[in-house]
Amino acid sequence: MPISTFMGLQTALSGLEANQEGIQTTSNNIANASTPGYTEETAVMTEDYPLSLPGGMQLGTGVDVASITRASDEYLNNSYRAQNAAASYASTQSTTLNQVQSDLGEPSGTGISSQLASFWSAWNDLANDPTSQAARQTVVDDGTTLAGGLNSLSDQLTAVQSQVAQQYADLTGTGGELQSYANQIATLNGEIAQAQGSGANANQLEDQRDQAINNLSSLGTVSYTDLGGGQLTLDFGGDATPLVSGTTVNWPPTVTSASGGELGALISLSGPGGQIDSYLTDLNNVANALVSTVNTLSPGTPFFNPADTTAANIAVAATASTIQTTTTGNPGANDVALAIANLSGGQADQSYAAFVAQVGNDAQTAQNGQQTSQALLTSISSQVQSVSGVSLDQEMTNLLTYQQGYEASAKVMTAMQNMLNTLITQVGAGL
Amino acid sequence: MERITELMTSQSTISNLNQQLNQLSSTENELSTGLSINQPSDNPYGASLAIQLNGQLSALGSYTGNISDGTAWTSQADSSLMDISDQVQTVQELVVQAANGTSTPAELSADATEVNQLIAGIKQDANAQYDGQYIFSGTDTTTAPYQAGSNDAYQGNSGAVNRTIGPGGTTVQVNTNISQLLGSGQPAGDSLLLNTLRNISQDMQAGNTASLGNDLTSLHSNMATLGQMQANVGSIQDQLQLASTRIENLQTEVQTQLGSTEDVNMAQAMTQYSTEQASYNAALQASASVLQTDSLANFLTG
């Protein structure tokens with residue numbers, strides 16, 4: 001069977017076109033080498049459908065770019081997202097707990113512990129000199145400083161708590177990050193479905209959707225099911241209702257401390273019965289111990305206002321003239337002052353030291369968690385980059401290959417042209 | 001073989017440099033504060049221990065203050081009792097002389113006057129003060145124990161003035177109940193020193209030398225009480241001295257423990273710092289050259 005005279009031209013043309021697409025893909029890879037979320041693309045070339053010749057022979061008809069694929073590994077992407085949620089949880093915890101422990105100002109000469117020590121030592125000085133007005137005033141002043149120290153530490157903890165709660169509200173509120181990522185993913189679901197439905201390439205949209213899911217994973221744990229047709233269902237934070245199903249966003253989602261990520265950490269810190277709440281309880285126990293132990297020993301006007309037994313409102317009720325150093329009424333007797341000075345190292349001091357140790361332990365755990373999860377995240381991110389990132393060396397090699405392929409195809413075309421020229425001018429010269 | 005991409009290299013470079021710089025800054029913080037625990041999370045148990053040890057140190061400081069205050073009280077008491085003892089000696093000599101029966105009524109009268117003056121001196125000694133507090137008034141420290149003049153009644157009480165001298169509320173009584181020595185004079189008829197001295201003065205004035213023998217016996221018994229009282233003050237001073245030594249030892253012990261808990265081991269930290277600095281510098285240098293490494297693009301021509 002004869003073949004078309006011009007068939008070779010078409011074959012060479014397919015080579016030119018395919019290599020041109022290859023060069024375009026390479027050029028796009030190089031241009032996006034440092035674009036976040038960009039996934040390396042490859043022009044997948046396949047042989048064109050061959051021409052069957054009699055005798056069972058097949059004649060190749062050139063090359064075709066079947067698709068441009070993304071070098072994306074779903075397994076790695078999912079590990080990255082899981083680790084991103086864990087790292088984000090740990091980092092939020094660590095940042096907040098560091099703030100809490102720096103508010104304590106321990107161990108140093110400025111924290112509550114040194115104020116407690118000054119307070120007990122002032123009582124001791126008063127015991128040595130029960131008739132001294134100056135010693136009485138010092139007891140009242142040191143007591144006021146201590147109560148003020150507890151008040152302001154309690155205020156600081158409450159401020160951290162509400163700041164964390166505000167951060168949570170901002171992220172989860174209408175128009176916040178969570179909703180905006182969910183909307184983005186739902187919109188992209190629709191666009192990808194439409195693009196794929198019309199047979200078009202949706203690589204760029206898929207990159208965007210992957211990036212949006214990555215961003216979402218820093219807020220909480222994510223998982224998704226591919227619905228086919230370019231759409232997916234996205235579960236967020238272990239919530240039973242999917243956050244995004246196809247093009248629908250189920251708003252608002254239920255977020256708990258088990259949701260992981262930044263939101264899970266924020267809830268576990270600031271929520272009712274959360275870590276900051278438990279610190280406030282610990283601090284209230286210190287204040288309560290102080291009020292009850294000192295007041296029990298003070299005859300007459302209680303030293304601390306008996307109604308105010310929390311760290312937030314503890315206050316000194318006594319004045320220099322109402323303080324009694326003794327139950328006997330003798331001016332030089334110091335039994336009360338001695339007994340109160342002996343509270344040094346007692347319940348209040350011990351509760352406070354235990355509280356500091358608790359905060360320290362929590363902050364240390366959070367810091368260690370942050371370091372570990374950050375290291376793991378870097379390592380997974382590196383694996384993702386290894387698969388999906390752009391290697392310039394590889395791109396340059398591809399560029400060279402495509403360029404040579406293009407030149408060779410052009411050469412074939414020139415050969416064909418010469419061949420046809422010969423045919424037409426030599427063979428057909430007499431026509 | 002793993003595929004290495006440009007972004008991988010720059011990401012891991014940033015992450016590694018960050019980690020090294022973090023470590024370097026934490027060591028630098030330790031060196032500049034001299035403390036290995038700058039935040040509770042550096043060592044939670046250590047931080048709480050340091051807080052407790054600092055509290056103990058503050059309490060030990062208070063005990064030291066209490067001991068020196070107590071020592072001042074007892075020294076004052078000691079010197080007052082010594083003065084009283086000297087004056088009682090003088091009275092004793094006068095009584096022995098008068099009891100001989102060789103003195104003229106005029107001489108006896110002069111002796112009586114001297115005894116009265118000595119009584120006033122003894123009462124003045126009993127009114128000794130430390131830091132504005134009457135040390136012999138029991139806990140009634142704002143009232144002088146004896147009034148000048150003929151009223152010999154003890155004005156104070158028998159309350160104990162205590163000082164805490166060690167952990168666990170160990171206290172010691174630093175005052176002395178002088179009314180057990182001086183008593184409340186003739187109206188009380190308690191045969192204590194002021195009563196005896198007033199009797200002596202009265203007997204001398206009246207020339208009643210026969211009674212002076214009895215008075216002398218009383219006086220000897222009073223002097224024995226005085227001796228006991230002085231010995232007692234001395235033993236309190238010994239107790240305070242011992243407590244002071246013990247507190248000093250405790251302070252050294254707690255200080256050592258605190259030091260080993262929160263102080264940085266300078267030699268170790270300096271070595272660590274130099275090592276970290278060197279490796280950070282090396283990392284910077286290596287990163288700079290890795291990030292500048294050419295790709296294939298630089299070698300392709302045309």
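In chain A, four strands form an open sheet in the order E5-E6-E7-E8, with antiparallel pairing; strands, like helices, are DSSP runs numbered from the N terminus, a strand (E) having at least two residues and a helix (H or I) at least four, and two strands pair if DSSP finds at least two bridges between them. Strand E5 (222–228) and strand E8 (248–249) of chain A stand at the edges with a single partner strand each, so one side of each has no neighbour in the sheet. The structure is a predicted model, in which local features need pLDDT of at least 70 and side-chain atom pairs count only at pLDDT 80 or more, while totals for chains, interfaces and linings use all residues. Residues are numbered from 1 along each chain as its sequence is written, and chains are lettered from A and ligands numbered from 1 in the order in which they are written.

**The sheet of chain A**

Strand E5(A) is joined by six bridges to strand E6 (residues 231–236) of chain A, and the two run antiparallel. Within this pair, A:Thr225 has A:Thr233 in E6(A) as its bridge partner. E5(A) and E6(A) form a hairpin with two residues between them, and A:Gly229 in the turn has a positive phi of about 65 degrees. At the other end of the strand order, strand E7 (residues 244–245) of chain A pairs with E8(A) in the antiparallel sense over two bridges, and A:Ser245 stands opposite A:Thr248 in E8(A).

**Chain A as a whole**

The secondary structure of chain A comes to 11 helices and eight strands. Chain A has a radius of gyration of 38 Å, well over the 22 Å that the globule rule gives for 431 residues, so it is more spread out than a compact globule; the radius is taken over C-alpha atoms, and the rule is 2.2 Å times the number of residues to the power 0.38. Along its principal axes, the C-alpha trace of chain A spans about 145 × 40 × 30 Å. Of the 431 residues in chain A, 42% are buried, where a residue is buried if 20 or more other C-beta atoms (placed from the backbone) lie within 10 Å of its own, exposed if 12 or fewer do, and partly exposed in between. Among contacts in chain A between residues at least 6 apart in sequence, 68% join residues at least 24 apart, a contact being a pair of residues whose C-beta atoms, placed from the backbone, lie within 7 Å.

The domain assignment of chain A gives domain 1 (7–71 + 389–427), domain 2 (77–171 + 273–379) and domain 3 (174–251), with bounds that come from an automatic or database domain assignment. The C-alpha centres of domain 1 and domain 3 of chain A lie 35 Å apart. Seven residues from domain 1 of chain A and six residues from domain 3 of chain A make up the contact.

**Where chain B meets chain A**

In chain B, 50 residues are in contact with 52 residues of chain A. Helix H1 (6–33), helix H2 (44–99) and strand E3 (162–166) of chain B each supply at least two residues of the side of chain B that touches chain A, and the largest share of that side, 16 residues, comes from H2(B). Elsewhere in chain B, helix H7 (residues 266–291) has 26 residues that, at 1.5 Å a residue, should span 38 Å, and its end C-alpha atoms are 36 Å apart, which agrees; the expected span is 1.5 Å times one less than the number of residues. H7(B) is hardly covered, as the count of buried residues among its 26 residues is zero.

**Backbone details in the loops**

| Peptide bond | Omega |
|---|---|
| A:Glu106 to A:Pro107 | near -15 degrees |
| A:Trp251 to A:Pro252 | about -5 degrees |

A:Pro107 has its place in the loop between helix H2 (74–104) and helix H3 (112–128) of chain A, whereas A:Pro252 is found in the loop between E8 and helix H7 (261–270) of chain A.

In chain B, Phi of B:Asp131 is near 55 degrees, a positive value in a residue other than glycine. B:Asp131 lies in the loop between strand E1 (129–130) and strand E2 (133–134) of chain B, and B:Asp131 is partly exposed, with 14 other C-beta atoms within 10 Å. B:Ser191, although not a glycine, has a positive phi of about 60 degrees; B:Ser191 sits in the loop between helix H4 (179–182) and helix H5 (193–206) of chain B and is partly exposed, with 13 other C-beta atoms within 10 Å.

Methods
Contact = placed C-beta atoms within 7 Å.
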